[in-house]
Number of protein chains: 2
Amino acid sequence: MPIEDKQRLQRNDRVTIRTVATHAGVSVAAVSKVMRNAYGVSEGLRAKVTGAIEELGYRPSRAARGLRGRSFTIGVLLIDIRNPFLPEVIAGVNGVLALSHYQAMIGVSDARVQLETSLIESMIDYKMDGLILVAPRLPSEIIAKLASEIPIVAVGYHDAGATAFDTVNADDQRGAEIAVEALLACGYRDIEMLSLGEREGHQVSVVRQREIGFRRAMQRAGLGSSASISKIPIAPPKREETMRKFLSRENRPRAVFCWSDLDAITLLSLAMEMGVRVPEDLAVIGYDNSSTAALGLVNLASIDQSGRELGQVATRTLISRIEGRTSAEHIFQIPSLVSRGSLIRSGSAKGA
Amino acid sequence: MPIEDKQRLQRNDRVTIRTVATHAGVSVAAVSKVMRNAYGVSEGLRAKVTGAIEELGYRPSRAARGLRGRSFTIGVLLIDIRNPFLPEVIAGVNGVLALSHYQAMIGVSDARVQLETSLIESMIDYKMDGLILVAPRLPSEIIAKLASEIPIVAVGYHDAGATAFDTVNADDQRGAEIAVEALLACGYRDIEMLSLGEREGHQVSVVRQREIGFRRAMQRAGLGSSASISKIPIAPPKREETMRKFLSRENRPRAVFCWSDLDAITLLSLAMEMGVRVPEDLAVIGYDNSSTAALGLVNLASIDQSGRELGQVATRTLISRIEGRTSAEHIFQIPSLVSRGSLIRSGSAKGA
DNA sequence: CGTTATATGGAGAACGTTCTACATTCTGTG
DNA sequence: CACAGAATGTAGAACGTTCTCCATATAACG
């Protein structure tokens, strides 16, 4: 009985929509309709089909779905998985997605444009339903082109002029202003910014935005001429060397604003090693309010931009675009200051 | 000319294997053969096809590939994205994969068994070529069942008896022993372990393995009777409360081994707040040698298990299984101690 | 020159869905 | 009771690959 054999072989394998249809005694199309809860399904049919699905433990193949319709997956592209800010974003994304029938698949580009491109293309080739790009390196035109193939929301990418894709950002200019204002309020006047190395990040990156905010706030306080920005390289050996040089500089400022907690925390550590007291000799304020900054040992004042919330908003924005919106949205969150010991010795206020 | 129209419509869209075939003047099957570099392709054919692929910028659809053959994607399942150990593993995976034609897609389960299961199923439904599960929560039988559908390598999952899937681990028992031995060498005798709350992690988890190692090392030193283990809950409010209680306990030991840097660092922070001096009043040793532990400010001694290397080895193991190996492999790495200030005040040795 | 082996390329059936177009049955209405 | 229109279910063509045969052309050999 060759037919029997063939059937057994098929049954051994995967439970497909066909298996379900046969088992429920209905057509394949009917099962599909129930799955997508499309129009034209009676109570009876629905019951039969869901029953069969239950019994067989049927799961639709995402690969096959992607080939024809939606795959109910969204892709998230992370530039780097080590910066503790990014896991927060993921947590926000997952939180919102948990309530929907979508799932997130994450790619990590390690800040390499090449890999970033190929990862995005893969996600498109998987027919994912939408993409959240976190701090992408790609230029706006390229992202716009990709956005014609798949809905895209960029997080940490300041391009409010984009029409092809949405952006969700904390207001990084404002965040930097808040940091400067906090330092000014503590009475510091000679404030320097420690930013990211020259070649990292284009104009739309959060880093450059923070630089703009820093300059503006200094200008506004009449300190425009002395608003200087030092660039810290990322590569480990050069990075610490530059920081040490900064700490032992003769004309070292009394206060410093770091573009990221990552740098601020390393700076704090080196300062301790070198006998520079914080905040007495040097006040430090970071960015991201990472969990490490909150540790009593570290006690770093920081600008909080709630990565989690950014992730949540980005996800909702993406879903609304997947479900039909075509006009671009550009959303801003306002960051806030979390004051801690690196800013001011608790109890005693610094005079102006 | 309706045919023209139809062609234009199709061309507008995606460049498919058919587009390439037409453009190169060969059959679809020929293009596929070149892509997979299968047997029976002449130099001329190959040149024509690769030329057309180049010109058209053709990328095969992963969705379609998955439906029929390999998708050249491997899935990585992370239990949690916040523990800084896990990004290290990813870095290792990506490093090895960069040299191959495979790509990684990551799912984050947030330690929820439900989500973990559905993420794994999704990866199977995407017809991914293999899976790396990092510290999965699922029981061995379930993983074995899943492994019949897809090659699986489990990292941080001590089940050397598994025949259906491979495991890659640091020797967590040995790691704990090393920690205890280091504390003993510094002269401490009353040593306690701070482990993870009761309900977290089954016997095969790294945590339980470290407990076993801890007990054994204590026993071996003739301190078996006083080898006590405290469980720290994960949920934030309870967690700190328990640690505070530990720190203010009357019979607090002189030395403590924490199952993870995550806990050790929080402990260090609380100790500082509460005026418990480290290492004078309390020596601390952690696990994972995370970058935070290495900070001068934190200066936490820790067991290094090189997450990066674990990721690399796991990836190579998975690829070898994808490419045909059927017997199970169970690989062990030996961890090592990184001594720092939390263990012993630099310069002066503690007497026994 | 006939026969057999060996390369090379192509036809076409899967893979598991979605979804359009159609067939059938059931209403309600004049 | 005939008939329009709504409600319900189905057939079957995509989607873009892979991969198993097959067909042909060429080479090798007696």
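Predicted model: local features only at pLDDT ≥ 70, side-chain atom pairs only at ≥ 80, totals over all residues.
Let me begin with helix α5(B), which gives the most to the surface near DNA strand D, with four residues; here a helix is a DSSP run of H or I with at least four residues, a strand is a run of E with at least two, and both are numbered from the N terminus. Residues are numbered from 1 along each chain as its sequence is written, chains are lettered from A and ligands numbered from 1 in the order in which they are written, and side-chain values use heavy atoms, with hydrogens and water left out.

Of the atoms of DNA strand D that come within 4 Å of the protein, sugar and phosphate account for 58%. Some polar contacts, meaning pairs of N or O atoms within 3.5 Å (within protein, one must be able to donate a hydrogen and the other to accept it, and residues adjacent in sequence count only if both atoms are side-chain atoms), can be named one by one. S61(B) uses its backbone, with an N or O atom 3.2 Å from a phosphate oxygen of DNA strand D. Two or more residues of this surface come from each of α3 and α5 of chain A, together with α2 (17-24), α3 and α5 of chain B.

Now to the other strand. DNA strand C is surrounded by 29 residues, the closest being I17(A), R68(A), S27(B), Y39(B) and S42(B), and 61% of its atoms that come within 4 Å of the protein belong to sugar and phosphate. Which part of DNA strand C has an oxygen 2.3 Å from a polar side-chain atom of R68(A)? That oxygen belongs to a base, whereas S27(B) has a polar side-chain atom 2.9 Å from a phosphate oxygen, and Y39(B) has a side-chain N or O atom 2.7 Å from a phosphate oxygen. The helix that gives the most to the surface near DNA strand C is α5(A), with four residues.

How are the two protein chains related? Chain B can be laid on chain A with an RMSD of 0.1 Å by a turn of 180° and a shift of 0.1 Å along the axis, the superposition being by least squares on the C-alpha atoms of residues with pLDDT of at least 70 in both copies. That is the relation of a two-fold axis. The same surface serves both copies, since 100% of the contact residues of chain B recur in chain A, with contact taken as heavy atoms within 4.5 Å.

Let me turn to helix α6 of chain A, residues 85-98, whose 14 residues reach 21 Å from first C-alpha to last, close to the 20 Å expected at 1.5 Å a residue; the expected span is 1.5 Å times one less than the number of residues. Of those 14 residues, 11 are buried, so α6(A) is largely enclosed by the rest of the structure, where buried means under 20% relative accessible area, exposed over 50%, and partly exposed in between, with a 1.4 Å probe and protein chains only. Among the buried residues are F85(A), L86(A) and P87(A), and what covers them includes β1 (73-78), β2 (103-108), β3 (130-134) and α14 (307-322) of chain A together with β2 (103-108) of chain B.

Finally, some details of the backbone. Most residues other than glycine have a negative phi, and most peptide bonds are trans. The peptide bond from V278(A) to P279(A), however, is cis, with omega near 5°, and P279(A) lies in the loop between α12 (261-273) and β9 (283-287) of chain A. A111(A) has a positive phi, near 65°, and at 30% relative accessibility A111(A) counts as partly exposed.

Notes. Near = heavy atom within 4 Å.
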